[in-house]
Amino acid sequence: MGKTNFTFVRSLLALAALSLFGLSQANAQCLPANPHMAAGITTSEVTLTWTSAQASVIEHCWNIEIGGAGFAAGNGTALVEETVCWNDPNLTIVGNTLTYTFDGLIPGTCYDWYVSETCDGIIPPFNNSGWSVSGPQFC
């Protein structure tokens, strides 16, 4: 009986330690991503490339907002809002540079775009980098 109680207490202590580690990870600074290229532009899609400021992108997610020229990220006016995580098969990762293709664009429209990174794989607002500066406008 005493051994069972010891094992239970030891398990609780291990869970508490993991919780504390998770909290320290969640409180770590998550730096903003750097959007730097829009390519492969067609009448309905674009391939965006951005760089993470983090040393590793494993278990990270990125929130991308694409909107009409001059829109501000995070205010609900984006035309395309998408969350892409590190394990998405359509996301290309080379080092800390990421590339993803978005569709659903309106022909003849110019767009601005922004990236926000979450450094713990949890959908925002947890450990979120905040929105990047606007990526290069594309039309």
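The torsion about the S-S bond of cysteine 110 and cysteine 139 is about 105 degrees, so this disulfide is right-handed. Keep in mind that the model you are looking at is predicted. Cysteine 110 sits in the loop between β6 (97-103) and β7, while cysteine 139 belongs to the segment after β8, so the bond ties together parts that are 29 residues apart in sequence. The two sulfur atoms are 1.9 Å apart. Cysteine 110 counts as partly exposed, at 29% relative accessibility, and cysteine 139 counts as exposed, at 57%.

The structure holds 3 disulfides, so let's visit the others. Cysteine 30 and cysteine 119 are bonded with their sulfur atoms 1.9 Å apart. Here the torsion is about 75 degrees, so this disulfide is right-handed. Cysteine 30 lies in the loop between α1 (2-26) and β1 (34-39) and cysteine 119 in the loop between β7 and β8, so parts that are 89 residues apart in sequence are tied together. Cysteine 30 is buried at 8% relative accessibility, and cysteine 119 is buried at 17%.

Cysteine 61 is joined to cysteine 85, with an S to S distance of 2.0 Å. Their link is right-handed, with 95 degrees about the S-S bond. Cysteine 61 is in strand β3 and cysteine 85 in strand β4, so the pair connects parts that are 24 residues apart in sequence. Cysteine 61 is buried, at 2% relative accessibility. Counting bonded cysteines along the chain, the disulfides follow the pattern 1-5, 2-3, 4-6.

Now turn to strand β7, residues 111-118, where 8 of 8 residues are buried. Both of its faces are covered: Tyr111, Trp113, Val115 and Glu117 lie on one side, and Asp112, Tyr114, Ser116 and Thr118 on the other. What does β7 pair with? Strand β3 (residues 61-68) runs antiparallel to β7 and is joined to it by 8 bridges; in this pairing isoleucine 66 has tryptophan 113 as its bridge partner. Strand β8 (residues 128-131) also pairs with β7 in the antiparallel sense, over 2 bridges, and serine 116 stands opposite tryptophan 131 there.

The structure holds 4 aromatic pairs. In one of them, phenylalanine 71 and tyrosine 114 have ring centres 5.3 Å apart and planes at 85 degrees, so the pair is edge-to-face. Phenylalanine 71 lies in the loop between β3 and β4 (80-85) and tyrosine 114 in strand β7, so the contact ties together parts that are 43 residues apart in sequence. Phenylalanine 71 is buried, with a relative accessible area of 9%, and tyrosine 114 is buried, with 13%.

Definitions and conventions: Residues numbered from 1 in each chain as written. Predicted model: local features only at pLDDT ≥ 70, side-chain atom pairs only at ≥ 80, totals over all residues. Heavy atoms only, no water. Buried < 20%, exposed > 50% of the residue type's maximum accessible area, 1.4 Å probe, protein only. Helix = DSSP H or I, 4+ residues; strand = E, 2+ residues; numbered from the N terminus. Pairing = 2+ DSSP bridges. Phe/Tyr/Trp six-rings, centres within 6.5 Å; stacked < 30°, edge-to-face > 60°. Disulfide = S-S within 2.5 Å.
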